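Good morning. Please look at the screen.

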Amino acid sequence: KSRNASSSPKISIDFELTQEAYKSKNNLELLRSLVVFKLCSYDLLVDKNKELMDISKFLLGKKAFEQFMKLTFYGQFVAGEDHKSIKSLIQKNRAFGVGSVLDYSVEEDLTQEDAVTKEMDSCVSATEKEGMSMDHREKQYKAHQQFGDRRGGVTGARTYFYSDEAKCDQHMETFLKCIKASGGSSVDGFSAIKMTALGRPQFLLQFSEVLVKWRRFFSFLAAQQGRDGMEALEQRLELQPLQEFMTTLGATGDFYGWFTGEKQGSGTIDRLDWNSLIDDRIKISDLLVVPNLETGQLEPLLNKFTEEEEKQMKRMLQRLDVLANHAEEHSVRLMVDAEQTYFQPAISTLTVEMQRIYNRGKPVIFNTYQCYLKEAYDIVTMDVELSRREGWFFGAKLVRGAYMYQERSRAEEIGYEDPINPDYETTNVMYHKCLDYILDEIGLNRNANVMVASHNEDTVKHTLRRMNELGLTPTENKVYFGQLLGMCDQISFPLGQAGFPVYKYVPYGPVNEVIPYLSRRAQENRGFMKGSQRERELLWKELKRRLASGQVFYRPQPEPGL
């Protein structure tokens, strides 16, 4: 138990109190929520939402269509067109105790054919295009025509396709404006970025494959020493038997020579020591090497990299650096979104590299962990342990995950193991397991930070219960809560009014350019609204209460001091 557990007051929140939950909303806003949520529960409307919006735009004309969207779906889920127009909503939410994670949600409205062409071109190296040897590549980490359009089977996350370096610079400029808006709108803002917006995805694919092969190689060697089946962090390799085993395979590599004197001294290495093998290379393409089991030598993943590819990789890392610096200067925390599993190992590793630099004094960079992944717990525990060893602030956003349908069908079609947990309940267990591990770490030394990004009331109640057990108070600002704008107000606002740091993910952008994002939000809401009638019931209850008590023209009034 934490040192403060006995003295801290216990906090409980009643999520049934509709007057508290919706005090920031006028009656028209409550009515809009009811109408939008009801529409999202009709399969036909959701399945055909893109076609219906196109017809509406044609019949109404651009201006009237945009007005209609602002009164309905856009008004419900999007804050406004640009960083100036969203300021009033951010400030209103802040007055009721709810902060913002700004998320510029514009997407190119590409045809499926254009999306596939762009993706195939940007995920294949010059060597591969020339038809040169690809023996070392694995099918999971190669671009595949039938899954070239990454928007399919995705709920709620926006998607970027690579055009050229100038387009990546534009995305960076947009993120910089977003960071500046976050800093200008509130004292404790977050800003969200997506790594695929900042460079050619070929690098993320290849680097992910390299990282996974290194991890597998460690698991293979651990099994040789009878250490399989253990928790990831408990597996240690003894260097002497490792060298002897590799020599019997005919390996010529000097494994002792791969590690520093400090690690040799202990005679054993763990996964974090092993991962450090690829940390300190000078050229970025030097990172893209894989261990060969037969020879014990490092071999390049591809035969060669062009000078332009080397520059593209460097520019992606430079853009990340610019954004992290900007976030630090404006006292904004940077949330790096998670993406597909074939990009994610690289995204997560590059985010940890930024944390090692920028999270020394306080948590500036937050990594996102997808708990629907079978390996989520191993990844979380290793990153927390690395932060312990190196003395920086661990920052995490825990989500269940947005790419499940796409990931499952890709794994089945291409023929590799499904990376996703078998069912929702297993994912719930994984979410709580990862969350408990981070909360325990916060309880021990207060250096970790977590955003519980969840619409699940049981998960929120579980977090509050654990915070009480560990003596973690809301004012310590170590545990945050996150929900999407326009959803789950009955969770967000009572938390904010009780003094907990709670944030809405706030998408913004021009109406027409946010349509692809809204289209998928409708898809996501169908499952969400069918699974629970609760939010609609609470909205009705509050609307009827107001009308019965004569509050027909109710105007939101924040309490002083919030």
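Are Arg466 and Asp436 buried or exposed? Both of them are buried. Keep in mind that this is a predicted model.

These two residues form a salt bridge, and their closest N and O atoms are 2.9 Å apart.

How many salt bridges does the structure hold? The count is 31. Some of them share partners, and in this way Arg236, Asp270, Glu385, Arg388, Arg389 and Glu441 are joined into one network.

Next, a pair with a longer stretch of sequence between its members. Which residue forms a salt bridge with Arg315? The partner is Glu165, with 2.9 Å between the closest N and O atoms. Arg315 belongs to helix α15, which covers residues 307-329, and Glu165 belongs to helix α10, which covers residues 165-185. The two residues are 150 apart, and the pair links distant parts of the chain. Arg315 has a relative accessibility of 26%, so Arg315 counts as partly exposed. Glu165 is at 11%, and therefore counts as buried. The cut-off behind this is simple: buried means under 20% relative accessible area.

Now to helix α7. The N to O distance between the two side chains is 3.4 Å. Why does Lys92 count as partly exposed? Because its relative accessibility is 26%. Glu29 has a relative accessible area of 18%, so Glu29 is buried.

Last, stay in helix α7, which spans residues 87-95 and also contains Asn93. Asn93 counts as buried because its relative accessibility is 3%. What does Asn93 touch, if we leave aside the neighbours within four places in sequence? Its contacts are Val98, Leu485, Phe493 and Lys504.

To go back over the pairs: Arg466 and Asp436 are both buried. In the Arg315 pair, Arg315 counts as partly exposed and Glu165 as buried. In the Lys92 pair, Lys92 counts as partly exposed and Glu29 is buried. That is what I have for today.

Definitions and conventions:
Residues are numbered from 1 along each chain as its sequence is written. This is a predicted model: local features need pLDDT of at least 70, side-chain atom pairs count only at pLDDT 80 or more; totals for chains, interfaces and linings use all residues. Side-chain values use heavy atoms; hydrogens and water are left out. Helices (H or I, at least four residues) and strands (E, at least two) are DSSP runs, numbered from the N terminus. Buried means under 20% relative accessible area, exposed over 50%, partly exposed in between (1.4 Å probe, protein chains only). Contact means heavy atoms within 4.5 Å. A salt bridge is a side-chain nitrogen of Lys or Arg within 4 Å of a carboxyl oxygen of Asp or Glu.
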